[in-house]
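Here are my notes on this model. Please keep the structure open while you read them.

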Amino acid sequence: MGGGGALELGALQRRLAAFAAAREWQPFHTPKNLAAALSVEASELVEIFQWLTPEESARVMDSPGTAGRVQDEVADVLAYLLQFCDVLGIDVLAALSAKIDRNERRFPVPGERGGGAPDEGDCHSPE
């Protein structure tokens, strides 16, 4: 994102909103529809990696064609996420920061302030 991440993120959200408004798409950009679109685009990103070995997946950006597909799907996922947040009035950076804060408390570094194994059900990801 460059140096002024938050400002650039807001500018991108405004560009996305203007793009949708110019095409009169706002009636379709409901939270439900945007969440579904986000899921579809994330699935398209997963599809690129579906049958790759771990080693092949680590080298996916080495091929210009595949790298372009990955970048396009990442852009689609981010675009729908930003539109979703805009429609619901969510400050995406504040939400992420708060989530990281919660995860730092939930998953302390081993050896620090009682850190150790995560609670039952928290083994796979800091969701």
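1. Start with A42, which sits in helix α2. Keep in mind that this is a predicted model. A42 is partly exposed, because its relative accessible area is 32% and that class lies between the 20% and 50% cut-offs. Now look for Y80. In sequence, 38 residues separate A42 from Y80. In space, their C-alpha atoms are 9.9 Å apart.

2. Next, look at a helix pair. Helix α2 covers residues 31–49, and helix α4 covers residues 64–88. How do the axes of α2 and α4 cross? They come within 9 Å and cross at roughly 160°. Angles over 145 degrees count as roughly antiparallel, so α2 and α4 are roughly antiparallel to each other. The crossing of α2 and α4 is left-handed.

3. Step back to the whole protein. Its secondary structure comes to five helices and zero strands. Along the sequence, the pattern reads α-α-α-α-α. The protein has 127 residues, and 20% of these count as buried.

4. Move to the loop between α1 and α2, where E24 lies. Helix α1 spans residues 5–22. Is E24 buried or exposed? E24 is exposed, because its relative accessible area is 61% and the cut-off for exposed is over 50%. Check the backbone here too. Phi of E24 is near 55°. That is a positive value, in a residue other than glycine. Most residues other than glycine have a negative phi. Please mark E24 for its phi when you go through the model.

5. Stay in the loop between α1 and α2, and find F28 there. The relative accessible area of F28 is 55%, so F28 is exposed.

Conventions. Residues numbered from 1 in each chain as written. Predicted model: local features only at pLDDT ≥ 70, side-chain atom pairs only at ≥ 80, totals over all residues. Heavy atoms only, no water. Helix = DSSP H or I, 4+ residues; strand = E, 2+ residues; numbered from the N terminus. Buried < 20%, exposed > 50% of the residue type's maximum accessible area, 1.4 Å probe, protein only. Axes fitted to C-alpha atoms, helices over the stretch in contact; angles between N-to-C directions. Parallel < 35°, antiparallel > 145°, perpendicular 65-115°, else oblique. Left-handed = near helix turned anticlockwise from the far one by under 90°.
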